[in-house]
Structure formats: structure tokens, C-alpha cells
Amino acid sequence: MQEGSGDAGRQMKEAGYKIALAAEQSVVARAARNGEPTLVSDVFQEPDWLPNPLLPDTKSEIAVPIKLGDELLGVLDAQSDTVGGLTEEDQLVLIGLCGQIAVAIDDRRTTEALRESEERFRHVITSISHHIYMSEITEDGSYINHYISSNVEDLTGYPLEKFLNNWDFWPSVVIHPDDREIAAAQAEQLGQGRHSITEYRMVKADGQVIWVRDNARVQVEGTSNIIYGVVSDITERRRVREALQKSEERNRLLLESSPDPIVIYDEKGQVIYVNPAFTQIFGWSEEELLGKRIDFVPEENKPETRTALERLFKEGTVLGFETRRFTKDGHILDVQLSGSIFKDKDGNVAGSTIFTRDITARKQTEIEREQLLARTETLYQAGARLNAAQTYDDIVTVLRKFTLLGRQTQTVTLGYFDHPWTSDNKPEGANILARWSQHPSDAFSSRYLIADFPSSDQILRPDEPVLIEDIATDARMDEETRLVYLERFKAKSALFAPLLAAGQWIGYINATYGRLTTFPEADIRRLMALAGQAAVAVQNLRNIALAEQRAAHLEMLTQIEAALSQATNEEEILTALARNLAPNQPDRLVLQYLDTDENDQPAFTNTVAVWDDGAIRPDDPDLYRRRKIDPLSASKLWLESPNEVLFVSDLETDLRSDENVRTYLSQLQIAAFATLPLRSGNRWQGLVSFDWTEPHIYSPGERFVFQQLLESVGAVVASRRAYLAQEVALSETEILYQAGAELNAVQSYDDIVKVLRRHTLFGQEAQNVSVNHFDVAWTQAQAPEWVYVLARWTKLSPEAVSSRYPLAAFASAATLLRPDSPTIIEDIAGDPDLDENVRTLYAQRFGAKSTIFVPLVVGGQWIGYINAIYQQPTAFPEPEVRRLVALAGQAAVAVQSIQRLGDTERRARREQAIREITEKMRAATSLEDLVKTAAEELGKQLSAGHAVIELGIDEG
């Protein structure tokens, strides 16, 4: 709102009264949207009329748009306190008035725009960084300065006065001595009436030398030349230009030093540059080719070259195009071309740059490689047989037939590690999968421990074969290993080749020789080529064996999951697991549910079922004990890996377990355990722990079964918990419905307290429950001063409690009390957020150990809170708190309803009293009776001992 008449108009303007253009319930907004005058003769008959509390007597209204052409400038609104008080004739008058207002507004805007334009011009002149001047060269050659901008002081460092009426100061002092001839030439050119743009150096007052550009234009007026000039500091531009020149020089040096030939063509395909490498490789000099096309494409390569050129000009680049080119002396080279086009400033193709690489030698190498592959066709035959191998002995047979392992060997052995050997995880041993030998079988073992061979790191390598031509003298062998090979295996030479499958080092091939042997490089290359395929064959056979074991484990899983699908409670879930884990059944199984915090992280455990000594234990002391999770206890082991089974084979030797964990679990007689963190739908559900009283080594099959159970057990537990939650929710809904109905029917604040104690945790061992109301609603802009106790149920002494409390006396009230969530204090004595006044009030005066504050919010206003005091340490379960918060909202509505009812009753009594006094005063027959009656009745209504009415008081 811009203007308004009367007190109401002034108040609306001061308050910044606004009406949204899209408002449906507004005559003004409708007139603005439609662009047409809107007359409402009776606003009470108009459903879209918007009442204004400052204009309560409005009965009719006219809104007329203020328009200038098609532009809407505003709306003129008039209101009358009479139905039909505004007519169409008034509307015509207002339309005429709006036309005059629009013209006045337009005139004011035009005047403001002109003033702002002049101001901007002055601002531009004074704010630009260039020096502007205007001079005159008269007929006799004299110079007169008509205008010198104040920026000359920033540019030169000299005061403006130095230049006024002293034209010679600039050329004789400011211009660098070495450049004054340049400036003199510029002056002569201007005297001849010609424009001039000159660059020269100037010396600032502090001695700094800078470069400037003097751009002067001449306008002939009569016999004089008027010079309009702008002097700009171009020192940085000169620096950039010099840097650009240096950059171009570096680029030229890069082109000339490139070992690959480079040709730059113009848009017509004519040569404009070739580098020295081109001359060296192809034989043509730059002088021979400049301005010409190079005819060095063999006839058979021209079609592919044309296609590449078309792609170059269409896509902008061509990379790695292989073709052939002639040299000047007629030789043909295999080349690889890469090129890109460049454009001029208008975006038109200006030419192309072609980089050429001579790949003749590489092509020759490829040919030789193909020939080499052809000579090793037998390797492919061997590979085919390895792929078809049915046993590990078949693999050894193939290796002996197609490699040096079949010549003069005494033994050929396939060794397989316990697990892949990595830099940080060495296997314990190697199992012998197959062996061909000329020695008796009792000379060998089926498994070797890596630790028994100290030099295993030297003779077993994942990246290369190890060739030992003389076992007796090779320094890589330790003495124990040397004796085994010399005395037990009767070997003189040996080799070790790694078995690598899918990047994993899974084992090795070992061959021994009864006499000193050398190993030709070509034979070793063939062996290594086949060793890779042999590793794949070994892994395939291992996978088949594991698949057979896995089938048995899957059958076990099927039985467990079938039993789980029939489980209807926690005991049956544990029974389904325990009875189907034979033969390695654990000594104890425990199922715990997890309660999470606001971040969905585990906060509490609740043991819901225990299997011990072959049966469910319904009397186990841990059952239904809710415990807070300590992240530094044994819980940290499964919290760190929430999606994996936690396996601990021996608690005493497990490096992940600290002394606290070992001590705690040893008290429970647990030596080994596997813990399944149960999650479903990416949410925590619970834990299943399988415990052994003795150390337990987990087989791969057990690990597989436990890992697979994570999902299925998690889903079953989630389903069970969802069912329990639904049961609780139904019960909770019934309680909330009953309590809500009772709150809707309360007649007093005490009734509210009774309902809350009957249906919430307030009725469970609380010594004091109170409903408290602020003297004003608490907002960000205003905090209340007092809290009044509307109702209280208490076991405290009357001396301990008050009917109201000053908030200013409790410094932590602003942080303890919140409008959006309850505040729970389980330990009043130790809570760091309490100020000492609050702690003293609750701990000493109330004798409280725990307390809870629940906000009362109604209609978006925070009007107070409910408080319960407990003289014993008390926990506040989350479901109970949720129920309390839900009912607090209805309690707030009930508090407000009771207040409004009281306000209404008090207002009715006051109005009745006024009517009665008025009637009695009208019956008075004289001024004395009137005054007497008024004083008596007012005294009665105010319950005053006496009442005095004074008339005609003398202010002096």
C-alpha cells in the first residue's frame, strides 16, 4: 500500500499492508488481475470480499485499476460505511481520477529517469579508470586545455593543477624522455587534422614507468582543431602481449623439436608449415612445399584418406588413423595420423594440423609376432587339452607332454595354497593336488607347511619362475630346504612356476631333475604360457569340488530355512537354527532384538530367546533384559562390520579382541563365537550369537552357511518384530483413542492431569505431575516471564511447590524447554545442561532424581508444558514417550478450550453487570442520585469497600 486516508489508511501504510495479486478473496486483487473497475454495492453479499480489521464499518467498495496504456501501475480503492454508498457515478469519477494519477506517476518516473541518467553520466565520467581530455589547436599552432579529467591524478600521480592551463607539462615532464619524439609526431599529426592512436611510456610522479595508449580524435571547428582524447594504462596489456609472443616462440620450438612429422595446411589444403622432423623423415624441405599440396598418398590408400579427411572436417579431429605414405625418394612408410582443424575468429575453418608417426618398425614387429604365434601352434593344442582336463593328473600329463617338464624330470608336482597368497596374507601351507614321480611315494607328503621352508619367499614367486640350476650352491635356498631336495628328493636342479588364476596366486608347479640342468628361455616362456591355463584348469576343478560341497551346505540351508518359515515365535526361531546345524552344533545360541537411536544405530539389546545345553531355556537370567550397548565392549566387533558374520575362532588369540572383551566373554565361558548381525530393509533388527565353550575352527562350509543365514534369519526376525509392533500399535491406538475421548470431555485442568496419569507413564511412580502455562505464548521474538501452574497432582509437601515460577531465575530454561520435542533428564544430579538453580529446585527442593518436560503447542503457539517429577532414577521408553507426546497435543487443545470458556464466562458476567448498572443509572432523577447509584454499583461489582466519583476536577 502506497497511500491511504484517515487513521486507518495511515496505520495500513505504516504496517506495510499488502494484498497478494493472486488472492481470490479480494476486490482489489480482482480489479488488478482483470484490469477493469470492480464495484461491490453490498460487501456482505460478495463471497470474495476481503474484510479489513482496521475498516470494520465497510459496507460497499470500489476498486479501479490505475493504468498507463496497457501497463498496470496500481489500484485506487474506496470504501463506504453504507450499503449502496458507492455508485456507478462514483466509479466514473474514480476512473477519471485514476487517469490523472497515471499521468502524474508517468511524469514523475520520467523526471526521475532523467535525473538518474544525468547522475549515471557524472558517475561514469568520475569512476572510469581512463584519463579523458579535450584540447584545442588554434590556427597559430597554440595548444589550449579545455578539459582535464580528475583521473589524471591516479594515472600520473601529479595533482590536477599541474595540467590546467599548462599544456606543456604533459610532453615535457610526464612523457618518458625516450618517447618524446613519438609524442611530437602525434602532435604534428593532430595539427594536420588526422586522428591518432599512439603508444608510449610515461613516468609517474613516484618514478614508476608505465605504458599508455593515447587515442585522440580530431574535430575541425572553424580555424581550430578540437582534440578529444582518452589515455589508458596498457602496462598489463603490454605484458600479456609480450608473454603471448614468448608463448608463440615456445610453441614454435615445440613444433620444431617434435620427433614426429607435423604439417599445417590452410583451408585449401596447401602447406603453410612443416617441421624439421617432416623434412628428415619424408625428405622434402619447407621451401619445396610451401603453398602447395603434398602428393605422397599411394593410390590404394587414397579412398581411406578421403574418408578420413571428410571425418576430420565434420567432427574436428581424427585420432590414430593408420595408412601409408610415400617419401621423396619413393619409399613407402606405414604411418599413424592424428589431426585437428582450427578456425578463425568468425568460426570458419582456417586450416588443419596433421601429426604423423612412423609406425613401420611397429608393423614389422607385429608381423614377427604373428609368425611367432604361428610357430607355437602346439601351445593352443595344449591349452585345449588343459581346458578338457577331468583330473589334476590330467593337468600334469598335459604339462609333461608339451613343455620341458617331460624331459629328464624326476618329479612334477602341482601344489595348491590354503588360500591365495598376497603380500599381507601368506597361506599356512600347500596341498599337493597331483604328482608324477620316479621316486617311491613315501618320499613325499600330501601337504607342506610354508613355515617349514624358510626360503619359500625366495623360491616361490608370483611374478616369475624361479630356476635353480644347481641346488647344492644356489644362495636362494636355506640349508633345511636344500637338504630336503638333495637327500630326500635326490635332485640336482629344480624349477618353480607360479599358478595365477584371475590375478590370484593360488599355487605352483615344481619340477626336480636328477642331474644339473639348464633351462632355455624359449622353453620357459612356453611353460609360463601354459602355467596360466593350467591354473585356470586347477581352479575349475577346485570349483567343481567346492560346488559338490556347496550342494550339501545348500541342502542344510534349505532345511534351516524351511524350519524358519514355520517358526511363529522367538523360541522356534532358535530351535530351527540349533537342530539343523549338525554336526558342529554350538553349545549356546542367543537371539537378541536391537533398539536403535535417532540415527538408526543400535542403542539397546534385549535378549528374547536362549538355547543352551540342547534346549530352549525359558528361565535364563538374561531373558528380557534390556541393556544399553557400549561401543567399546564386545559389541564393537560386530558394529564395525554390520553386513558380515563375525567369526572368532579363539578368543584368547584373536587380535581384534582387547582385554576387556576377553574378560567379559570369559566370564560367560565363551571361547569362540559367530555373531550374525541381523538387518532387513537396510534397518537393524537383532543379533544371533552361536557360542562355543572351546576354541572352534570354522570350515569354509560353516562360513558359507552362516553368511547365507544373514539374510533369511534377518527377514524372519524382521517379520516377527513387525507382527509384535503391529500388536503393540493396535493396543497403543486403542489407548490413544480412549485417552483422546476423555481429554475432549474434560471440564477442568485437574481433569487433564487425571487423564494423563491414567493413560501415560505419568501414572507410573511419578511423585508430581503438573500442567504449566506461560503468561504469554513463547516465540522467537518474545519469551514469557512467568510460568503458572494450572493444575497439579503431587505427593510433595505444600511448602515444596509454588503456583508460579519466574523463568528469568532459571538460566537453562531456554535450552531445556523446547516447543518441538520433549526434554528427558534421567540423571538430574549429573546432567551437564542444568543450571544450578534448576538443579537445586529439582534435586533438593523436590527430591527428584529424574524428570520429563513435554511441550503444550496448539495452533502453532507454544503455550506451556507438562512436567513430571520422579524421586527415583527412571528410564523413559521411547513408545511411552511417543504416546505422551501424542496426548500432549490434545491436552494443549483442552487447556486452550478451558481458558476460552473461562474468558467467555467472565466477559458475559462483565457485560451483564454493565447492563444492570446502566438500567439503575437511567432510573436516577437527579445528578446526585445518578452519581450515588454509579458509585454504589461500581463498588459492588469491584467488591470495593467504597467507591468515589469526582466531577469537575480542577487541573490547577
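This is a predicted model: local features need pLDDT of at least 70, side-chain atom pairs count only at pLDDT 80 or more; totals for chains, interfaces and linings use all residues.
A pocket is an open set of grid points, where a 1.4 Å probe fits, with protein on both sides within 12 Å along at least five of seven lines, and its lining residues have an atom within 4 Å of a point.

**First stop: the largest pocket**

Select D595, R626, E878, P879 and R882, the residues that lie nearest the centre of the largest pocket, which 37 residues line. Its volume is about 1600 Å³. To see where the lining comes from, colour the elements that give two or more residues to it: the strands β20 (588-596), β21 (602-612), β23 (626-628), β26 (683-692) and β30 (823-825), together with the helices α20 (700-744) and α24 (878-922). The element that gives the most is α20, with eight residues. Colouring by class shows 19 nonpolar, three polar and 15 charged residues in this lining.

**Second stop: the second largest pocket**

Next select M1, E3, V75, L76 and D77, which lie nearest the centre of the second largest pocket; its lining has 42 residues. The space here is about 1300 Å³. At least two lining residues come from each of α1 (6-14), α2 (27-34), β2 (60-68), β3 (71-80) and α3 (88-127), and the largest share, nine residues, belongs to β3. By class, 25 of the lining residues are nonpolar, ten are polar and seven are charged.

Which residues of α1 are buried? Select A8, G9 and M12 to see them. Viewed down the axis of α1, the buried residues fall within an arc of 100°, and therefore they line one face of the helix. Now select D7 and E14: these exposed residues are carried by the face turned away from the buried side. After α1 comes G16, which has a positive phi, near 70°.

**Last stop: N275**

Finally, select N275, in the loop between β10 (271-274) and α8 (276-282). Is N275 buried or exposed? It counts as buried because its relative accessibility is 0%, where the cut-off for buried is under 20%. Display the distance between the side chain of N275 and the backbone of D260: a polar atom of that side chain lies 3.1 Å from the backbone oxygen of D260. Then show the residues around N275. Apart from neighbours within four places in sequence, N275 is in contact with L255, E256, S258, D260, P261 and I262.

Terms used. Residues are numbered from 1 along each chain as its sequence is written. Side-chain values use heavy atoms; hydrogens and water are left out. On a 1 Å grid over the protein atoms alone, a cavity is a set of points where a 1.4 Å probe fits but cannot get out, and a pocket is an open set with protein on both sides within 12 Å along at least five of seven lines; lining residues have an atom within 4 Å of a point. Grid points are joined across faces, edges and corners, and a volume is the space filled by probe spheres set on the points. Helices (H or I, at least four residues) and strands (E, at least two) are DSSP runs, numbered from the N terminus. Ala, Val, Leu, Ile, Met, Phe, Trp, Tyr, Cys and Pro count as nonpolar, Asp, Glu, Lys and Arg as charged, and the others, Gly among them, as polar. Buried means under 20% relative accessible area, exposed over 50%, partly exposed in between (1.4 Å probe, protein chains only). A polar contact is a pair of N or O atoms within 3.5 Å; within protein, one must be able to donate a hydrogen and the other to accept it, and residues adjacent in sequence count only if both atoms are side-chain atoms. Contact means heavy atoms within 4.5 Å. The arc is that of the directions from the helix axis to the C-beta atoms.
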